[in-house]
Amino acid sequence: MNFNEILNTIAKNNSTTPEQVQQEMQEAISAAFSSDNPETKEKWDSMPFNGSCPTPEQLTEYIVKILTETQES
């Protein structure tokens with residue numbers, strides 16, 4: 001399943017549009033990325049986004065990669 005299919009599925013299940021889902025995802029990611037919590041900052045720093053706030057697609061791809069690696073171990 002690619003990212004657009006994920007957006008479409010979430011949108012359909014929540015009676016909204018894929019664009020709205022992506023916008024809300026970005027807002028949540030941006031809020032988390034801007035956190036002043038030291039533990040949260042440490043987690044973001046450990047991710048391969050070079051200090052930049054990721055897009056929903058980038059974060060989703062990273063999470064899928066981590067989950068796949070965990071399942072293969």
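Ala31 sits in helix α2, which covers residues 18–33. The model is a predicted one. With a relative accessibility of 54%, Ala31 is classed as exposed, because the threshold for that class is over 50%. Between the C-alpha atoms of Ala31 and Cys53 the distance is 9.7 Å, and the two residues are 22 positions apart along the chain.

Read from the N terminus, the order of elements is α-α-α-α. The C-alpha trace of the chain extends over about 35 × 35 × 15 Å along its principal axes. The chain has 73 residues, and 18% of them are buried. Its accessible surface is about 5600 Å², with 49% of that belonging to carbon and sulfur atoms. Of the contacts in the chain between residues at least 6 apart in sequence, 34% connect residues at least 24 apart.

The aromatic side chains come next. A pair of aromatic rings is described by how far apart the centres are and by the angle between the planes. The chain has 2 aromatic pairs. One of them is formed by Phe33 and Trp44, with 5.3 Å from centre to centre and 75° between the planes, an edge-to-face arrangement. This pair links distant parts of the chain, since Phe33 belongs to helix α2 and Trp44 to helix α3 (residues 38–45), 11 residues apart. The two partners can also be described by their accessibility. Phe33 has a relative accessible area of 24% and is therefore partly exposed. Trp44, at 12% relative accessibility, counts as buried, because the limit for that class is under 20%.

Phe49 and Tyr62 also form an aromatic pair: their ring centres are 5.6 Å apart and their planes meet at 70°, so this pair is edge-to-face. Here too the pair links distant parts of the chain, with Phe49 in the loop between α3 and α4 (56–72) and Tyr62 in helix α4, 13 residues apart. Both Phe49 and Tyr62 are buried.

Helix α4 also contains Thr60. Is Thr60 buried or exposed? Its relative accessible area is 18%, so Thr60 is buried. The side chain of Thr60 comes to 2.7 Å from the backbone oxygen of Pro56. Leaving aside residues up to four places away in sequence, Thr60 is in contact with Phe3, Ile6 and Met25.

The charged side chains remain. Side chains of opposite charge can pair when their charged atoms come close. How many salt bridges does the structure hold? The count is 1 salt bridge. Glu69 forms a salt bridge with Lys65, and the closest N and O atoms are 4.0 Å apart. Both residues lie in helix α4, where Glu69 and Lys65 are 4 residues apart, about one turn of the helix. Glu69 has a relative accessibility of 40%, which means that Glu69 is counted as partly exposed.

Definitions and conventions. Residues numbered from 1 in each chain as written. Predicted model: local features only at pLDDT ≥ 70, side-chain atom pairs only at ≥ 80, totals over all residues. Heavy atoms only, no water. Helix = DSSP H or I, 4+ residues; strand = E, 2+ residues; numbered from the N terminus. Buried < 20%, exposed > 50% of the residue type's maximum accessible area, 1.4 Å probe, protein only. Phe/Tyr/Trp six-rings, centres within 6.5 Å; stacked < 30°, edge-to-face > 60°. Polar contact = N/O pair within 3.5 Å; in protein donor to acceptor, adjacent residues only side chain to side chain. Contact = heavy atoms within 4.5 Å. Salt bridge = Lys/Arg side-chain N within 4 Å of Asp/Glu carboxyl O. Areas by Shrake-Rupley, 256 points an atom, 1.4 Å probe, with all protein chains shown as cover.
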